[in-house]
Structures are given as structure tokens and as C-alpha cells.
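Please look at the structure shown here before reading on.

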Amino acid sequence: MSNVASVIFNFLKTYQLDFMLVLSGVCGIQTIFVLISKALNKRRKLALTLMNISAFILLNADRAAYIYRGNTSTLGFYMVRISNFLVYFITMFIVISFNMYLSDLYLVEGKLKKAPVRLIINYYLFAVGTVMLIVSQFTGFYYYFDEQNRYQRSPANILCYVYPLLIVLIQSSVVIQYRKLVNKIVYTSLILFTIIPLIASILQFFAYGLSLINTTIVGMVVVVYVFSLLDMNNTVAKANELEISLLKEEKKKMHTLFEQTAQSLVTAIDAKDKYTHGHSTRVAEYSLKLAKMEGWNEDKCEELYFAALLHDVGKIGIPDEIINKVGKLTPAEYSEIKKHTILGKEILSGITQSPYLSIGANYHHERYDGKGYPEGLKGEDIPEIARIIAVADAYDAMTSKRSYREPIPQSQVREEIVKGIGFQFDPKYAKNMLHLIDLDSEYEMKEREEIRELSGKDSIDCHSYKSDISEGILLNDYPVKICFNSKTSKKHPLEDCIPTVLLFDSLDARTHEQDNLAEEMLYCIYDEIRLDGRIQEVSSRITKTVEIINPDYVDKKWVMENLLGIDYTVEAVKCKDHVQIKIDNKFKKLTITIALPDSSRYAYIALTGKHCNITDVNIIKSEFEVGEDYIPRIAEEISFLNVPEGDIPNIQINSWRGAATAGIPIKDVLKVNYHTMSLPTARLIWHCPFFSIYTSEDGQVNGPGFREFALIRVDGECWDEDKVATNKTVINRNEKFENWNEWKKKQKEGVDCSIEIKRKGNTIYFEGTNTGIDIKNTTTILENVDNIYFAITGDQCVISNIQIISS
């Protein structure tokens, strides 16, 4: 170990002058940086400047002392004495400059009212040490020079280190005491400055010939500066973060203010028209969904949202008697209300930072075919924001209640949007809205009441039979359970005054017992089921009941229990053309099976009754689907398949994609001829055939590994069903197309159709025609797929006599 120490000692002694030169250069550069720094206060800058200049002088003086040691010339005589004096003096001066640095640090960062007394004492110690050093120059008390002009230590040399070391020890005590007043980075540099020189001073006695103390102190000066720079950078970074945070907070406040102002305007609009309450907010939400489907970024989406939110602000300037008129407007009144677009533009054009607001207000009633207002713009000349709002606005107008009509069923709204593609609406955004409608299986996208459990009612109070009826609850192959309590009115303690379940179908999921909308809404009541088991069959094919009576209540009367209140549980499920309703109460358990007219119909249940009050309603929808055979069949399934069959079996599709043909491989060219006929219950445009282009392991729709690349409907819609495929669709209505009503009529009568499919690698070309609608679609699959198949599916239609010609 001693050999290693000897090698290190000799290495440092050989190259210490070079080290000193490098360090002095570093100190000189740091001095410049300190002087040009604007982040330091004057006292801190002065202290660091003095420390770095002193370190620069110390190192060069120490180098001169070594260089001129033993030089007996006149220059050597003075250089040895001056340089050694400077070495001792500057060492103390660096320490006292550090004292100045500490004082400012604790006064500014530490927020002390005055500098610690111990730091002030250090100035006196420095003064005494300086006087003793001057005296030693004439007495040789600390050191002297021999005949060869070489520096020699005196016996009392150790005393020259007492003053600087004492100052450093006092500084250490201050640093440790006030360590919590500064951050960790600064504290680390302070503790290093006060401890490392102490260690070096001890080693100095064992390493004569090396300037350990001097180089260590200079090194610590560099450390203090570097750590000070780090702290300064952190302080600046925190200041920047604070500034950014304040700016963000200010922006957030401005945004909140803007949002509240916009909402206040919307509230003012809603206050004028009780029938459009919430309209602006819903239009904004629908518009936002449409934009997100096109991949708009957050900023553009927000601009669109507020433009849609304020699109009707011009209605503030329309007379209340026109806004709130019951019934349809006269031509003159309609001309007046059309002015709301121009008024809206005038109101919002003053917000120059948000020009998109006035654009939405001014152009949202323009039509894609150029027949809109106020300027009659056409196609993509209409601003994109306005084209989106136009679709959302029309959708909400149709699905909301008006003074002259109830909300239009979503299925009919969808059909109206289909009819408006390329005429009233931008095809791209109309198509997106259709996709939103298709995803909205629970019909959430509509004007909402204060909805609790019974779609708008938290209780049902029936003064007479069916005087109050809940909205319908859709039945499907996911069971739904309804729990509630019912009490009979004390004024009518009759045995038949109990709840009733209505099983029905209608376009708007509501019953139409006493209004003139029954025919328009295709209202059909299947059965009226009283919860004691008595059933009135209306249009169901057959109804079967299984009853289990509770022996504990066999002798008790319904009337008395009804007065106290009876808890009921009703569980219902639909599979194809059968509905099963289970009723449970304290008297009996009933299992009722109903065969509907056919499989293509919907089924809803609604609660009503006679002289009873239904409360505490709780609806639970199961997350688990039952199988097709869950309900024991009590009647044969209605079939329309007794028609000629072609190369593959005919299919009857009772619901959305409820069945599909066998998969047909697409090789080169595939031609398919088929006959299609809509079912008697079909009433909408998309109750027609669909064509699926897909892949799966077994070649069947929904088989293992099923991935759909395109879904093409004969009414002209096409969807990308897989992210690795793109579709480009061209629709043309030729001279055979009269209108959509005639088109639907011909679908019900039955039509012969043909399609042709060509495959070139991973590109599929589809061409088809149906009653005046020509469809061309190009599907590009973006990855290599070996087996691609074609199948026919649809909604409420029969596909028969399928002829396949491959080449």
C-alpha cells in the first residue's frame, strides 16, 4: 500500500503545476461567466467573483513559488517572497469570500433577518490572521528563506493554518445548523467546501511538497460555482414552470369563462323555446362525435364543439311568438326564422379570436345540393364545420319533441338521413351519423327526460285502466328483470285493481292506445298480461301459461294485500318469435310463453294497471345472452323459404344480420344472381340484403378468426369493418330509381339482382345493381390474406334462388 501511495504522490508532485494551470484557467472562465450572469444578485455575484479571482491568483502564485524556488536572481528573490505571501493570504481571502457567499445565501434564500453572528466573527478572525501573516514576513514566525532562496517552514508554521481552519469550522457549524433553509444541491456544495479543505489540511502535514490545501480550496470554489449554477438553473426552471402553470391556469380560467359565457347564451336560447331545451348541447355533442370519427385533433374538435353549441344563437333576435308557435310556421314566419343564421353571424362575428363561431351560426342551414340558406352554397364550398353541424342539427331536430309532433323514431330518422345523402347532407358526415345510429342500440342519442327506471317515470299512478303507461323496454336474448311494489287505491278495493304488463311493438317504443299515431308508428299490441295471470290475447299467435300457487297465501285475498302493497318481479326475454315472461309475487309464480306473429318483429314491455300505484322500480339487464332454444317452442316458426333454391340454401333474415349464406371463396371472378324479398314487417330502407367480404378459418361468417373487410348494402351504404382494409364506394341512382318509397315497395314485391366480384391480389372489386341503384366498391386489404370469402346477409329479407358463376 505504501508503494501505491508513493507512486500517486510522485505523480501528483510531477504534474501538479500543470493541474494548477488548468484549474486557474477554469477559474478565469468562471469569473467571466459570473460577471455576465443576470440571474445572480449583486452580493452573490461579488462573492463568487472574489472567490474565482482569488482562486486564479492563488494557483498562479503557488506555481510561481514552485517555479522560482531556489532562484537566487533579483527577480527570483522578489517572486518567491511575493508568491508565498499571496499563497497564505489568498487562502484566507477565499475562505472569507465564501463567508460573504454564505451571508447572502441565508439572508436571501434562508430569509434570515440578519447574518448569523458567527459569520461576522469570521471577519475579525480574518483580520487577525492577516496581521499575523504580515508580522511573520519580518520575523520569520511562519516561514523563512535560506541562502539558496528556498522556502522553509518555521517551527510555528502550523499556527498559520489556525485562522483559516477556524473560520472554516465556524462556517461548518453554520451550514449544518441552517441546512433546512437551503435546497439539497446548495447544501451539498456548502458542506463539501467546509469539510474537504479540513481533510486536505490534515493530509498536508504528510505530503510536504504538494499544495493539497490550495488546490483543494480552489477545487471547492469550482464546486460551489457549479452547484450554484445548478441551483440557479433549477430556480429558473421552477420559475418557468410556475409561469407556465400560471399561464395555463389563466388560459383555463379564460376557457372556463368562455365556456360559461357560451353556456349562458345557450341557456338564453333555450329559455325562448321550451321545445328545444338542450338542443344546442346535444348538437354540439353529436358534432364532436362526428369529428372524432374523422380523426380531428383536440383543438379542432373544441372549436367545432363551441361552434355547434352556439349555432342557434341568432334565435335570440327572433320574436317569441314565432319561436313558440304551436303548429307549423306560415311561409312568412318561416322567412322570419331563417334570419337567425344572419343574426347569429352578426352576434358572433365580434369575437375575432374565434371566427369559427360565426361560421357555424351562418352556414349550418346550407344544403349540400346548394338549396339551403342564407347563401345557397353547394358541396365543399360550405365550410366543413357547418357541414358537420348540419347533420347533427337535423338528427337532433328529428329525435326531439316539437309543439306539432312527438319525437320521430330513430329508425325513421336514419332513413331520412339516408335519403338526404348528397342532397341535404355531406355524404361523408351523413355516413358517419348513420354509423353512430347503428352503434346506438339503446337509443341514447335523443332528447332525454328526467330518466330514472321506467324511461321517464319513477312511478306509475293509474287512476283508470291504462291511464298511465311507462315507455317500452326492449326485449331481446338478454333477459331483463323488473322489480317494483304496487298498492291499490283505497277508493277502489277491487280484485282486478292490480298491475298489467303490455307486450307490444312500435317504431318509437311507446304505446299508442289513445292517440292517432298508432298507424304511423306501426303500433301492434300482442298481449295484455295482468299480474295475477289473466291474459288478454290480441295479436299473438298463441299464449301458454304455467302457474305455481304459493300454499301459504292460498286463502288470502288479493284485495287486502293490494291495499298494503305487493312486491312483484317480472323477468322477460325474447328468442326469435317467442317471448317468455316470468311473474313472481307472494301469491303465485307464473311462466308465460307467447308466440309472436313472426320472428322479424320487435317486442317491448310496458307497465300499467288499474287503480294502482307502482313505485320502487328497479330494472336489471342481464349481461349474459341466452341460447336460441332457451324458450320452449309452442308454435312453428313462420317461414318464407318455400321458394325455389339455387346453388346454396336460401336464407330468411329476421333481424340485423340474423342469418347469412355459406361462405363463397373469391378467386378471380365471381358472379352471383339471386332473388330478394323484404319480409312483411320490413319498413325501412336498410331492410334489404347486405354483402360481406371477409376471412375466417372455416370460411363462414362469424367463424373462428372471422375478420370483415367490407359490408356493402344494396341501398348503397358500405362500412369498413377491419382496420387493415379501406373501401372506396361509388353510388349511382339511374333512371330506374324513382324514390325511396317506390324502392321499398319493389323490395317487398321481390326483385332479381346480380353482382360481380373480381379479385386482384388483395384488392376486391365489387359491382352490383338493385332497382335503380348501381354500386361500385373497391376494397383494398392492407396485409396479405390468402383466403377471402363472400357471403350474403341482411335485415328482414329473404334471399333465394342463389346462382353462383365462378371463373
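The questions and answers below go through some pairings of charged side chains in this predicted model.

Q: How many salt bridges does the model have?
A: Side chains of opposite charge can pair when their charged atoms come close. A pair is counted when a side-chain nitrogen of Lys or Arg lies within 4 Å of a carboxyl oxygen of Asp or Glu. By this rule, the count for the predicted model comes to 27 salt bridges.

Q: Which residue forms a salt bridge with Glu628, and where does the pair lie in the chain?
A: The closest N and O atoms of this salt bridge are 3.5 Å apart. The pair links distant parts of the chain, 52 residues apart, with Glu628 in the loop between strand E14 (612–621) and strand E15 (651–653). Its partner, in the loop between strand E10 (566–575) and strand E11 (578–584), is Lys576.

Q: What is the relative accessible area of Lys339, the salt-bridge partner of Glu336?
A: Glu336 and Lys339 form a salt bridge in which the closest N and O atoms are 3.2 Å apart. Glu336 counts as partly exposed at 25% relative accessibility. Lys339 is also partly exposed, and its relative accessible area is 42%.

Technical notes: Residues numbered from 1 in each chain as written. Predicted model: local features only at pLDDT ≥ 70, side-chain atom pairs only at ≥ 80, totals over all residues. Heavy atoms only, no water. Buried < 20%, exposed > 50% of the residue type's maximum accessible area, 1.4 Å probe, protein only. Helix = DSSP H or I, 4+ residues; strand = E, 2+ residues; numbered from the N terminus.
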